[in-house]
Amino acid sequence: MDAGYILIDESSSVEELIKMIAKRGSLGGPVNVLNLDDVVQKHRNWREKLPSVVPFYAVKCNNHPAILQLLVALGCGFDCASRREMETILGLGVGPERIIYANPAKSIDSIRYAKKMGVKRMTFDSAEELQKIAQHFPEAELVLRIRYDAREAQLPLGRKFGCDPDWEAKPLLECAKRLRLTVIGVSFHVGCGSRDAECYYWAIRKAIEIFDQASDLLGTQMYLLDLGGGYPGGNDSTFDDHVHFINKALDEQIVQQNRSIEVIAEPGRYCVESAVTALVNVLSKTYDCNESGEIDRIRYYVDDGLYDSFDWCDEVAVPDMQQGDKRNETRCIRSVIYGRTMCDNDIVAKEVFLPEHNVGDCLVFPNRGAYGMALGRGYNGFSSPLVKICLTRATLDHLCLFKAKTDAR
């Protein structure tokens, strides 16, 4: 077993490991605890509740090798956004048919690479992109990306990607026909971290309208519907709301109408957000006092931040107060938590109320698996957080099987 793995059995748990690390005092640096069994549970939950939707994991969300290897072993597909991501996934033994190149603005070099490696499925949302693909990969299987924004999301994407489904979709399909390109389906992305579950219902209905439009226009039947990403990643019931509206739309628009359509999605945050817990040290603190000399705010400075474990488009991050911590019983004070870099925008949490902590104390942040780990670049010369990987014997067997198949190639 890899020395970086920690085996969890009947006599231990990830929660106990986190508490043990947190109680050691200064960690010598930030630590991310990665629970691979959480990734397995999320994958199984998806397949149980959305059995007709094949997950294509969004590699950009978290490309830690252990996560990618596990998802390959579980039979997941992959959403790649660059040549480098395609190289990584293909290098893990994934067949090109299990990859969608879901970037509507691709470099010529990456299109040529996709052609060389047989990654045919790719998205587009403009005539210029079609011209580029026609010149460098005319055999590609294209997916029209439409814009359909959630009413509320952590990061709206429609302002950057996706054509207007009512005004631009038909001209783009006509352009593809003139260029003798093959359009196989429609995709959308309602926005990262969507809180608008019902949006998926209406987005699917709009996509199916374009399927019908394309049937008359192109003279062929499209067969791929890509529901994109945006699914909540915390361990709560909000995902079930999304499941309800997605299954309702798919039943009405595909099953009841006897359509033969392959349905995929691009979950990222859903798969990994709850799998990682960040543990950070308080490096320093200062007080802001009012005119009476009373403490009005405490400013904490910690050894992690927005360039590593914390996502730039996050909501306010609030540390988890460990049970049994006497500070739970003390008065909470308005606080700000700053990251470790010299960047003024490196703020982990703004205006949150916390019991007072001391220099050297450990703060525990759950749900840190999405995007933050992928963004670490060693800004200001700081090293990326140490990753401790936890898993049970069953999950270890999945990885061992993956390694055996890889070594046999």
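Begin by selecting Phe 124, which is found in strand 6 (residues 121-124); helices (H or I, at least four residues) and strands (E, at least two) are DSSP runs, numbered from the N terminus. Before going further, note that this is a predicted model, in which local features need pLDDT of at least 70 and side-chain atom pairs count only at pLDDT 80 or more, while totals for chains, interfaces and linings use all residues. Residues are numbered from 1 along each chain as its sequence is written, and side-chain values use heavy atoms, with hydrogens and water left out.

Is Phe 124 buried or exposed? With a relative accessibility of 0%, Phe 124 counts as buried, where buried means under 20% relative accessible area, exposed means over 50%, and partly exposed lies in between (1.4 Å probe, protein chains only). If you now display its surroundings, leaving aside the neighbours within four places in sequence, you will find Phe 124 in contact with Pro 104, Glu 129, Leu 130, Leu 142, Val 143, Leu 144, Arg 145, Leu 172 and Val 183, contact being defined as heavy atoms within 4.5 Å.

**Two pairs of helices**

Two packed helices are described by the angle between their axes and the distance between the axes. Here the axes are lines fitted to C-alpha atoms, for helices over the stretch in contact, and angles run from 0 to 180 degrees between N-to-C directions.

Select helix 2 (residues 36-49) together with helix 9 (residues 238-255), which pack at an angle of about 30° with their axes 11 Å apart. That angle makes helix 2 roughly parallel to helix 9, because angles under 35 degrees count as roughly parallel, over 145 as roughly antiparallel, 65 to 115 as roughly perpendicular and the rest as oblique. The crossing of helix 2 and helix 9 is right-handed; a crossing is left-handed if the near helix is turned anticlockwise from the far one by less than a right angle, and right-handed if clockwise. To see the contact itself, show the side chains of Asn 45, Trp 46 and Lys 49 in helix 2 and of Phe 239, Asp 240, Val 243 and Asn 247 in helix 9. These residues divide into three nonpolar, two polar and two charged, where Ala, Val, Leu, Ile, Met, Phe, Trp, Tyr, Cys and Pro count as nonpolar, Asp, Glu, Lys and Arg as charged, and the others, Gly among them, as polar.

Next select helix 7 (residues 169-178) and helix 8 (residues 199-218), whose axes come within 10 Å and cross at roughly 35°. Their crossing is right-handed, and the contact is made by Ala 169, Lys 170, Leu 173, Glu 174 and Lys 177 of helix 7 with Ile 210, Gln 213, Ala 214, Leu 217 and Leu 218 of helix 8. By class, this contact has six nonpolar, one polar and three charged residues.

**Charged pairs**

Side chains of opposite charge can pair when their charged atoms come close. How many salt bridges are there, if a salt bridge is a side-chain nitrogen of Lys or Arg within 4 Å of a carboxyl oxygen of Asp or Glu? By this rule the count comes to 23.

Return to Lys 49 and Asp 240, whose side chains meet in a salt bridge (2.7 Å, N to O). The pair links distant parts of the chain, with Lys 49 in helix 2 and Asp 240 in helix 9, 191 residues apart. Lys 49 is partly exposed at 26% relative accessible area, and Asp 240, at 33%, also counts as partly exposed.

Then select Lys 60 and Asp 79, which form a salt bridge whose closest N and O atoms are 3.0 Å apart. Lys 60 lies in the loop between strand 3 (53-58) and helix 3 (65-73), while Asp 79 lies in strand 4 (residues 77-80). Lys 60 is partly exposed at 35%, whereas Asp 79, at 1%, counts as buried.

**Last stop**

Finally, select Glu 351 in strand 16, whose side chain meets that of Arg 334 in a salt bridge (2.7 Å, N to O). Both belong to a network of salt bridges that links Asp 288, Asp 296, Arg 297, Arg 299, Arg 334 and Glu 351. Most residues other than glycine have a negative phi, yet the phi of Glu 351 is near 50°, a positive value.
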